[in-house]
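Please read the points below with the model open beside you.

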Amino acid sequence: MAEPQPQPPTTELAATSLNPNENANEGQEQKVTPWEVEGAKGADGKAAAIDYDRLVEQFGTRRIDADLIKRFEDLTGVRAHPFLRRGLFFSHRDLASILDRFEKGKPFYLYTGRGPSSGSMHTGHMVPFLFCKYLQDAFHAPLVIQLTDDEKFLFKQELKLEEAHAFAIQNAKDIIAFGFNPDLTFMFSNLDYMGGGFYANVQKIAKCITYSQARAAFGFVDSDNIGKVHFASIQAAPSFSNTFPHIFGPKGDIPCLIPCAIDQDPYFRITRDVAVRLKYPKPALIHAQFFPALQGSGTKMSASKAETAIYITDTPNQIKKKINSHAFSGGGATAELHREFGGNPDVDVAFQWLKFFLEDDEELETIERTYRAGTLSTSELKKRCIEVVTAIVVDIQERRKGVTDELVRKFMDPTEKKIVQLKEPVGGIKVEEKKAAKK
Ligand code: TRP
């Protein structure tokens with residue numbers, strides 16, 4: 001039998017190795033994998049904030065700059081979301097080519113996903129979904145949402161398959177509460193939807209990825225189960241439009257844009273390489289920074305550690321208590337020191353959360369300035385953070401109450417050929433209007 005030939009590394013794959021075991025030896029470097037996020041360790045052993053410039057360089061992505069944001073605003077006629085204005089969605093791959101398509105009225109779709117690791121989502125999970133909802137409205141684009149119950153089953157030793165599936169359905173309700181358009185959105189559990197065009201693509205993708213590539217990208221070790229090694233093909237498949245023949249037809253010729261946190265990029269680096277070989281369009285990406293855990297910005301929130309996160313199900317009282325007692329403070333050690341030397345909003349979790357969720361740019365700017373100056377105290381800052389977070393969470397809770405089983409079925413029904421808008425170019429109406437206005 002012929003020896004397996006080593007695959008020549010392609011550009012995007014060669015750009016990085018995310019092997020966490022390699023990084024572990026270095027100790028100092030920041031670690032960002034789909035499973036672990038930790039800032040570089042200083043001499044004191046404490047994790048520093050994530051260095052996003054370094055990530056852009058390491059991963060070989062592009063920064064989102066002011067020109068790109070302006071082009072997005074000009075084309076969609078919609079003001080840039082605070083996440084864009086504040087650089088929280090900060091990096092991308094091929095976003096410009098999606099905007100080109102939008103300009104020409106050619107179809108594309110949005111793809112995102114969620115690993116249902118627990119019954120309730122937390123504030124960190126809200127970020128990509130809030131942004132997807134905004135993009136869906138701005139582009140009037142179809143959206144597919146993958147619930148990776150299979151992934152969580154494979155990666156969480158103690159989790160039962162049935163539990164993971166039940167979490168997926170519970171999470172689906174949280175996600176629907178973000179206000180997605182039921183006529184433009186298809187959400188699916190991998191366990192339920194695998195078949196047809198989906199499984200065909202999973203297989204085609206799997207054949208293009210060698211074991212050594214998966215190991216280099218994700219750092220698997222010999223004792224890992226083989227499902228983990230194969231999972232990349234399953235997360236990749238929704239990037240290709242004929243995974244959803246009922247929506248986009250059988251050809252696989254419609255590209256997608258994937259909003260996600262930057263830790264998911266390794267999956268899509270592989271996907272982009274595979275796309276070339278399968279003659280599908282490469283998925284474009286738009287990457288978010290991590291939503292910091294209450295304990296500080298060198299980490300990300302974990303759904304399985306209750307004290308690091310605020311859940312969509314938390315009561316106003318729980319929110320208040322958690323922020324007051326756990327949110328890492330950049331304030332001075334005493335009230336006097338704070339007034340004299342000021343606080344540091346760059347490491348202050350309450351401030352960081354406001355940066356995500358406070359709409360008003362001017363107020364945010366005032367808070368930042370007065371906190372630095374020491375005239376705004378830590379408890380005042382936390383109070384404002386509690387108000388803003390509580391309002392958002394209560395709003396989702398209210399809307400979640402209105403999510404019926406019937407509505408869940410509508411979002412998850414794979415037989416309904418509902419995204420008829422694609423017969424018309426996505427965003428075509430707006431483009432037409434713009435042209436007419438110019439004449
Ligand atoms: N792996 C992701 C998680 O654990 C879920 C996911 C699947 C995803 N497909 C995606 C996230 C696409 C972003 C984009 O949460």
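**Notes on the ligand site, the cavity and single residues**

1. A backbone N or O atom of Gly115 sits 3.0 Å from an oxygen atom of the ligand. This distance, like every other value in this note, is computed from a predicted model. Gly115 is also listed among the closest residues to the ligand, together with Tyr111, Gln146, Glu151 and Gln235, within a surrounding set of 14 residues.

2. Glu151 places a polar side-chain atom 3.0 Å from a nitrogen atom of the ligand, while an N or O atom in the side chain of Lys152 is 3.3 Å from one of the ligand's oxygen atoms. As for the cover that the protein provides, the ligand taken alone exposes 370 Å², and 89% of that area is buried by the protein.

3. Which elements supply at least two residues each to the shell around the ligand? They are the strands β5 (109-114) and β8 (256-261) and the helix α8 (149-155), and it is β5 that gives the most, with four residues. Sorted by class, the shell comprises seven polar, four nonpolar and three charged residues.

4. By class, the lining of the largest cavity has eleven nonpolar residues, with no polar and no charged ones.

5. Two residues deserve a check of their backbone angles, since most residues other than glycine have a negative phi. Asp94, in the loop between β4 (89-93) and α6 (95-104), has a positive phi near 60° although it is not a glycine. With a relative accessibility of 34%, which lies between the limits of 20% and 50%, Asp94 is classed as partly exposed.

6. Lys279 likewise is a residue other than glycine with a positive phi, near 60°, and its place is in the loop between α15 (265-278) and β9 (284-288). Lys279 has a relative accessibility of 75%, and because this value is over 50%, the residue counts as exposed.

7. At a relative accessibility of 42%, Pro316 falls in the partly exposed class. How far apart are Pro316 and Val393 in sequence and in space? The two are separated by 77 residues along the chain, while their C-alpha atoms are 8.5 Å apart.

How values were computed
Residues are numbered from 1 along each chain as its sequence is written. This is a predicted model: local features need pLDDT of at least 70, side-chain atom pairs count only at pLDDT 80 or more; totals for chains, interfaces and linings use all residues. Side-chain values use heavy atoms; hydrogens and water are left out. A residue is near a molecule or strand if one of its heavy atoms lies within 4 Å of it. A polar contact is a pair of N or O atoms within 3.5 Å; within protein, one must be able to donate a hydrogen and the other to accept it, and residues adjacent in sequence count only if both atoms are side-chain atoms. Accessible areas come from the Shrake-Rupley method with a 1.4 Å probe; for residues, only the protein chains shown count as cover. Ala, Val, Leu, Ile, Met, Phe, Trp, Tyr, Cys and Pro count as nonpolar, Asp, Glu, Lys and Arg as charged, and the others, Gly among them, as polar. Buried means under 20% relative accessible area, exposed over 50%, partly exposed in between (1.4 Å probe, protein chains only).
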